[in-house]
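Hi everyone, thanks for making time for this. I'd like to walk you through one protein chain, a few residues at a time, and then step back to look at how its parts meet.

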Amino acid sequence: MKASTQLNMSSSPHSHSQKTLSSVMMTVLLACIPGILVQTYFFGYGVLLQCIIALITAVVAESLVLKLRNRPIVPTLKDNSAVLTGLLLALSIPPLAPWWIIVIGTLFAILIVKQLYGGLGFNLFNPAMAGYILLLISFPVQMTSWLPVNSLQQYSLSFFEQLQVIFTGFTSDGFSVNQLRMNLDGITMATPLDTLKTDITKGLTVTESLTGDVFNGFAGKGWLWVNITFMLSGLYLIKTKIINWHIPIAILSSLAFCSILGPLFSPDIHAGPVFHLVSGATMLGAFFIATDPVSAATTNKGRLIYGAFIGLFIYIIRAYGGYPDAVAFAVLLMNMAVPLIDYYTKPITYGHGKIQ
């Protein structure tokens, strides 16, 4: 009796594990929860509110475009890719940013970066990071309005007060986001990366800057624990083979190496490796963003090259660029290089190697 075989053509992402795409994305979503909770603990309920708005927007946008394309809605939504895109973008913006910020970013990520190219598996760029860059360039004031950690905030806001700020721009007492950013001494606070960059332009050394309120001597308050939490969750994803180790390890190794060299030449203006590894979106970017199976390199050698250059670009932009954090820019730059990396790192087809 002749056995029948059937070959099915499909787009990326491809996985050698036995898990479905839906379960893989769900595992990544669940792995984000500890980081979300820690980020909420240090920066307020706005983190959760932005996540909720992003998730609703992502699902609605994906449903509408699928309806227009006459594609099945429910089965596609069940792959959880739209939800993950919205969640990663929400974690990257200030907790009290206006509601329309996350709506615009999520709509751009889903409608333009993902669906306009054909949907999951065809997008050239990481949708969440493309949405983030759009927001950062178009609305720099709203996108740089991060509050200090709760312990440094002058006003303590309840859940409903933060909800009111997101949708109206003011608290019930009439305080704006800029007023809420002031610490107990009346000084407007910024993220650790932005504070360090600003202090250096004022002529302060790294050591002098790290004595500021937003630091605990070597890293940013709150951000240290946020990054550690995302790192532990990322290691879990590696252990369960949801992601490969090559990209995150290459990013962190490259970033650490560059941040070791920097202080050797100019210790007054370059922070050390610990500061860079546990500041900003380093761990979120290394384990959850750069490892996107569609827009990242696909070969093991290519992943190492891809990750190493992301780490290099993160350091260069942080140290010499005009933006305090650089994960999104670094990821998108390397997304453009993925076809070239994959072309030169693809394995030799069996039987087609050079004859010795």
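Let's begin with Thr 106, which counts as buried because its relative accessibility is 1%, and the cut-off for buried is under 20%. Before I go on, please keep in mind that this is a predicted model. Where does Thr 106 sit? You'll find Thr 106 in helix H5, which covers residues 99–115. And which residues does Thr 106 touch, if we skip the neighbours within four places in sequence? The contacts of Thr 106 are then Ala 54, Thr 57, Ala 58, Gly 86 and Leu 89.

Stay with helix H5 for a moment, since Lys 114 is there too. Lys 114 makes a salt bridge with Glu 62, and their closest N and O atoms are 2.9 Å apart. Glu 62 belongs to helix H2, so to speak of this pair is to speak of distant parts of the chain, 52 residues apart. Are these two partners buried or exposed? Lys 114 and Glu 62 are both buried.

How many salt bridges are there by the rule used here? The count is two. The other pair I can show you is Arg 318 with Asp 325, and here the closest N and O atoms are 2.9 Å apart. Arg 318 and Asp 325 are buried as well.

Lys 114 also leads us to our next residue, Pro 127. Leaving out neighbours within four places in sequence, Pro 127 is in contact with Lys 114, and also with Thr 85, Ala 109 and Val 113. Pro 127 is located in helix H6. With a relative accessibility of 7%, Pro 127 counts as buried.

Now for two asparagines, and a bit of background on backbone angles. Most residues other than glycine have a negative phi. With that in mind, look at Asn 70, which is not a glycine and yet has a positive phi of about 55 degrees. Asn 70 lies in the loop between helix H2 (46–68) and helix H3 (73–77). Asn 80 has a positive phi too, near 65 degrees, and is likewise a residue other than glycine. Asn 80 is in the loop between H3 and helix H4, which spans 81–90.

Let's step back and look at the whole chain. The domain assignment gives domain 1, residues 23–189, and domain 2, residues 192–345. In terms of contacts, 34 residues of domain 1 meet 26 residues of domain 2.

Between domain 1 and domain 2, about 2,600 Å² is buried, and carbon and sulfur atoms give 81% of it. On the domain 1 side, Phe 125, Asn 126 and Met 129 supply 18% of the area buried against domain 2, more than any other three residues.

What about charges and polar groups? There are zero salt bridges between domain 1 and domain 2. The rule does find three residue pairs in polar contact across this interface. Two elements give two or more residues to the side of domain 1 that touches domain 2: helix H1 (21–43) and helix H6 (127–138). H1 has the largest share, with twelve residues. That side of domain 1 divides into 25 nonpolar residues, eight polar and one charged.

Apart from residues up to four places away in sequence, Thr 229 touches Pro 34, Gly 35 and Val 38. Thr 229 counts as buried, because its relative accessibility is 14%.

That's my tour, and I'm happy to go back to any of these spots with you.

Key
Residues numbered from 1 in each chain as written. Predicted model: local features only at pLDDT ≥ 70, side-chain atom pairs only at ≥ 80, totals over all residues. Heavy atoms only, no water. Domains from an automatic or database assignment. Contact = heavy atoms within 4.5 Å. Buried area = accessible area lost by both parts, 1.4 Å probe. Salt bridge = Lys/Arg side-chain N within 4 Å of Asp/Glu carboxyl O. Polar contact = N/O pair within 3.5 Å; in protein donor to acceptor, adjacent residues only side chain to side chain. Helix = DSSP H or I, 4+ residues; strand = E, 2+ residues; numbered from the N terminus. Nonpolar A, V, L, I, M, F, W, Y, C, P; charged D, E, K, R; others polar. Buried < 20%, exposed > 50% of the residue type's maximum accessible area, 1.4 Å probe, protein only.
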